[in-house]
Amino acid sequence: MRSTRAAPPPPPSEDGSSKTVELRSMERSATASNSNSLEIDLRNKCWVKDSQTEWALATINSRSDGKLQITDRKNNKVEIAEDASIPVNTTVTDDMTSLHHLHEPGILFNLKKRYERRQIYTYMASALIAVNPFTRIPEPNADDYATKSRTELIPHPNAISETCFKNLAVLKKNQSVIISGESGAGKTETAKIVIKYLASRGIDRTGHSVDQTASDLYGKLQQLSPILESFGNAKTGRNSNSSRFGKFMKLLFAHSAVGRASTKTKLHLTGAVIETYMLEKSRVVYQSHGEGNFHIFYSLLQAAPSALHLDRSIHFRIAKKLPGTNAMPAIEESHQLANVTAAFRTLGLTAAMIDEVYKILAGILHLGNISFETAETAEGAIAKITALPSDEENPKYS
């Protein structure tokens with residue numbers, strides 16, 4: 001699954017062994033918003049290279065002896081070799097393998113037109129391309145993807161997840177979902193959708209024989225995001241909730257009999273394992289201009305217990321204020337300390353354990369305000385602790 005980043009659009013006028021998955025109904029309609037037709041006639045158009053936009057549409061005026069007389073986007077009439085132009089697709093599709101001409105400008109144009117219609121997901125065969133809308137959009141009914149054909153429904157990570165789940169059940173082989181993209185592409189949100197869908201498919205939702213273990217696991221998986229994001233995400237120059245680490249998650253499923261006398265089996269969720277790697281540890285002590293530390297530090301400063309001695313009037317070096325202000329960055333609701341604490345409790349941490357975590361974080365904040373200087377001794381140069389910054393260097397938070 002591939003995620004891409006775009007500028008925000010204008011406001012809309014068997015054997016019992018465990019298997020592993022790594023990692024309002026919105027159906028297709030004939031409405032204008034889901035139509036494959038285009039608002040402009042592209043039959044006499046072609047794509048040409050452009051120094052500013054990479055690719056630009058040009059109007060074909062005439063053809064002769066392998067040459068094209070065209071009018072470019074600046075309304076200049078020029079002659080180019082016919083093989084320097086690229087044909088244009090006259091329709092938009094939700095699976096780009098069905099495009100008549102499959103090439104770079106055709107793919108980009110198809111994604112752009114769908115994005116303008118708030119259709120942010122597009123298939124490329126078994127892959128799904130997502131273009132970050134930078135806003136919340138309505139979520140489709142997840143149950144539809146388990147009961148209806150993919151061709152009946154809009155492209156969505158749920159469809160990829162359902163294919164993965166069915167392959168796991170039928171083929172009885174481990175499945176993988178790879179989510180990649182640049183910073184701000186929407187990987188974090190896409191991963192949450194995939195995990196939520198797969199976990200929900202692994203529990204019995206009929207109400208007749210709910211597997212309590214699976215249900216408990218599902219609840220715990222739902223609480224992973226506030227913790228992972230608070231301790232692993234930070235504001236960067238391009239993304240206010242950028243994951244500064246990689247993660248490898250495994251959802252474990254097992255086959256169980258549907259009924260006592262039945263030979264049919266059903267997959268149910270039995271466990272989950274998560275591994276993190278490449279955490280950007282240097283961010284704890286240094287952030288570039290306009291960037292922030294991990295969310296948890298700001299969450300702690302906003303609602304710290306008095307026992308941690310985190311006076312909000314103190315400026316903590318490693319928890320930068322907003323550029324040009326003395327205000328702390330806004331914290332998303334899911335990253336607020338109360339929600340992080342609730343998530344810890346759901347995962348089984350005791351109050352004492354949670355307090356220890358917060359004490360360590362407070363200690364890091366205090367240590368960040370200690371200054372050192374080089375001092376010469378008989379044993380050689382050492383680092384000497386100096387006084388804490390003066391009040392002038394310590395503007396208060398608002």
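Two strands count as paired if DSSP finds at least two bridges between them, and strands (E, at least two residues) and helices (H or I, at least four) are DSSP runs numbered from the N terminus. This is a predicted model, where local features need pLDDT of at least 70, side-chain atom pairs count only at pLDDT 80 or more, and totals for chains, interfaces and linings use all residues. Residues are numbered from 1 along each chain as its sequence is written, and side-chain values use heavy atoms, leaving out hydrogens and water.

**View 1. An open sheet of five strands.** The order runs β6-β5-β4-β3-β7, with antiparallel pairing. At the edges sit β6 (77-81) and β7 (86-87), each pairing on one side only. Five bridges join β5 (residues 67-71) to β6, and Thr 71 has Lys 77 of β6 as its bridge partner.

View 2. Trp 47 belongs to strand β3 (residues 45-50) and Phe 109 to helix α1 (residues 104-116), so the pair ties together parts 62 residues apart in sequence.

**View 3. Two charges over rings.** Here NZ of Lys or CZ of Arg must be within 6 Å of the ring centre and within 35 degrees of the ring normal.
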